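Reader: I'd like to learn how to read charged pairs and helix packing. Could you walk me through them?

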Amino acid sequence: KALVDKTLSGLMKSGEINKIYAKWFTSPIPPKNVNLNLPMNAQLQEAIKNPNDKGI
């Protein structure tokens, strides 16, 4: 758990999590180039800004 928390926290602090999210939820996904067109909602954005163990 500590390793996962540290890794996710680092992704959130660096902003890299936004690139990963965009790749899978707002961009075409190979091989069929399906775009889920699912932008982050305010609740998820807040959770990324202030990570904790409470969940969303």
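This is a predicted model: local features need pLDDT of at least 70, side-chain atom pairs count only at pLDDT 80 or more; totals for chains, interfaces and linings use all residues.

Reader: Which residue forms a salt bridge with Lys 19?

Author: Residues are numbered from 1 along each chain as its sequence is written, and side-chain values use heavy atoms, leaving out hydrogens and water. A salt bridge is a side-chain nitrogen of Lys or Arg within 4 Å of a carboxyl oxygen of Asp or Glu. Here, Lys 19 pairs with Glu 16, with the closest N and O atoms 3.8 Å apart. Both lie in helix H2, three residues apart, about one turn of the helix; helices are DSSP runs (H or I, at least four residues), numbered from the N terminus.

Reader: Is Lys 19 buried or exposed?

Author: Buried means under 20% relative accessible area, exposed over 50%, partly exposed in between (1.4 Å probe, protein chains only). Lys 19 is at 57%, so Lys 19 counts as exposed, while Glu 16, at 32%, is partly exposed.

Reader: Which residues are linked in a network of salt bridges?

Author: Lys 1, Asp 5 and Asp 53 are. Lys 1 comes within 2.5 Å of Asp 5, between closest N and O atoms, and its closest approach to Asp 53 is 3.2 Å. Lys 1 and Asp 53 are 52 residues apart in the chain.

Reader: And how do I read helix packing?

Author: Two packed helices are described by the angle between their axes and the distance between the axes. The axes of H1 (residues 2–14) and H2 (residues 16–25) come within 5 Å and cross at roughly 90°; axes are lines fitted to C-alpha atoms, for helices over the stretch in contact, with angles running from 0 to 180 degrees between N-to-C directions.

Terms used: Helices (H or I, at least four residues) and strands (E, at least two) are DSSP runs, numbered from the N terminus.
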